[in-house]
Amino acid sequence: MIETIGILGGGQLGRMLTLEAKRMGYRVVTLEPLPNSPCGQVADEQIVAAYDDARAIGELGARSDVVTYEFENIPLESIRLLQSQSRNVRPSGDVLRVTQDRILEKTFVRDAGCATAAFEAVTSADEMQNAVASLSFPAVMKTSRGGYDGKGQWVVRDAGDAEVALGEARGAPCIYERFVPFEREVSIICARGSDGKSIAFPITENVHDHGVLDTTIVPARLDSALAERVRANAALLGERLQIVGAYCVEFFILGDDVLVNEIAPRVHNSGHYSLDATQISQYEAHVRAICDLPLVQPRLLAPAVMMNILGTGEGDVLEGSAELLREPELKLHLYGKRHAALRRKMGHFTVLGSSVAEALAKASEGRSLLSWRPSTAVAGRPMMQIGASQPSPSA
Ligand code: AMP
């Protein structure tokens, strides 16, 4: 019987996963290097340790009936260690091995019969030359491992950019990808149980800024034939990877092309909306999948828009949230992080509308109400100053 869920990673995804798991009656232990993490603040216990600390990883396994993770840059050896100790890790290390390495991941996707942007692996100056010769410009170069939120990525427009990217990558294996002038970026969250049954959330349309998710619109404005191909690709990839848990597949849509960009074997930022706009959230779906509970098909309650609240580096106090909360169809989520560094994910809100256009208009208006100010410049009542926390590596 599963009573305690262990989560590797202490960011906001772990926090929302924990809140849903606790509602469902589970205990939660998280392991995260920085104390008082967004997840640690709401979990029953936080083990403060590095992700490669074998003793601490063993401790997490010993205290949990099932272990999961909220981001993919966990050392594979830590997952392998847990598995060697007969701990139940979901999704498995085999899933993580493929998805934490862009070269392996894109090759896997292509071998499964799904389309991707044309790419070449680049690990040396010679390979870079070959990649440029075959794919030309513009392109995007990305480190194969460890990147997230646009980190470890370079847009390569000419030979000069290629040289800079190669130099800054400092010998790290990279993927050189043809730039896709996509019409839309979409993603889909699915969840798959150990019995192979799976469910899919509505397809969302995502807008990024500097590689960081900015806005999610649901349902995506996508024609039904393309939507069907998105669903089929995502189901196929989950099946081939034998994922147990929630996962997200991101796509570029260009004309008739449906190109897989990335697979995240975990709950995902583009699924935050599901806490408020579907009758079951991605977090609950993940808990159900990893705890062998029945999966049910998510149902959209109304068109919705989710906007991330990102730090600007101008201050740590969020102003305007009281005005934002005047909108009755809006839910505000803040993650308990103290420092609102530039583009740091501090929170999000989701707003429902009678149409996508209405939800978008309300969301844009909501965002215009929010700003950050330094905590020293006290002007009236401090707004939503939130608990102490440290940066966490959540997506
Ligand atoms: P990723 O880390 O691969 O999800 O990339 C972050 C964001 O960069 C994506 O969501 C896109 O907006 C953009 N991006 C990544 N790869 C490409 C590409 N090959 N062509 C155009 N834009 C890209």
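Trainee: Where is Arg170 found?
Mentor: Arg170 is in the loop between α7 (159-169) and β8; helices (H or I, at least four residues) and strands (E, at least two) are DSSP runs, numbered from the N terminus. Residues are numbered from 1 along each chain as its sequence is written, and the model is predicted, so local features need pLDDT of at least 70. Side-chain atom pairs count only at pLDDT 80 or more, totals for chains, interfaces and linings use all residues, and side-chain values use heavy atoms, with hydrogens and water left out.

Trainee: And what is the phi of Arg170?
Mentor: Its phi is positive, about 45°, although Arg170 is not a glycine.

Trainee: New topic: which peptide bond is cis at Pro219?
Mentor: The bond from Val218 to Pro219 is cis, with omega near 0°. Pro219 is in the loop between β12 (212-218) and α8 (224-241). A cis bond also joins Arg90 and Pro91, with omega about -10°; Pro91 is in the loop between α3 (76-84) and α4 (93-99).

Trainee: Now the ligand. How many residues surround it?
Mentor: There are 14, and the closest are Lys142, Gln153, Glu177, Val180 and Glu185. A residue is near if one of its heavy atoms lies within 4 Å. By class, the shell has five nonpolar, three polar and six charged residues. Ala, Val, Leu, Ile, Met, Phe, Trp, Tyr, Cys and Pro count as nonpolar, Asp, Glu, Lys and Arg as charged, and the others, Gly among them, as polar.

Trainee: What is 3.0 Å from the side chain of Arg102?
Mentor: An oxygen atom of the ligand is 3.0 Å from an N or O atom in that side chain. For Asn261, a polar side-chain atom lies 3.1 Å from a ligand oxygen. In Glu262, a side-chain N or O atom is 3.0 Å from an oxygen of the ligand.

Trainee: Which elements give two or more residues to the shell?
Mentor: They are β6 (139-143), β8 (174-178) and β14 (257-264).

Trainee: Why does the ligand lie between domain 2 and domain 3?
Mentor: Domain 2 (118-178) and domain 3 (184-290) both give residues to the shell, so the ligand lies between them. The bounds come from an automatic or database domain assignment, which also gives domain 1 (4-89) and domain 4 (304-384).

Trainee: What separates the centres of domain 1 and domain 2?
Mentor: Taken over C-alpha atoms, 33 Å separate them.

Technical notes
Polar contact = N/O pair within 3.5 Å; in protein donor to acceptor, adjacent residues only side chain to side chain.
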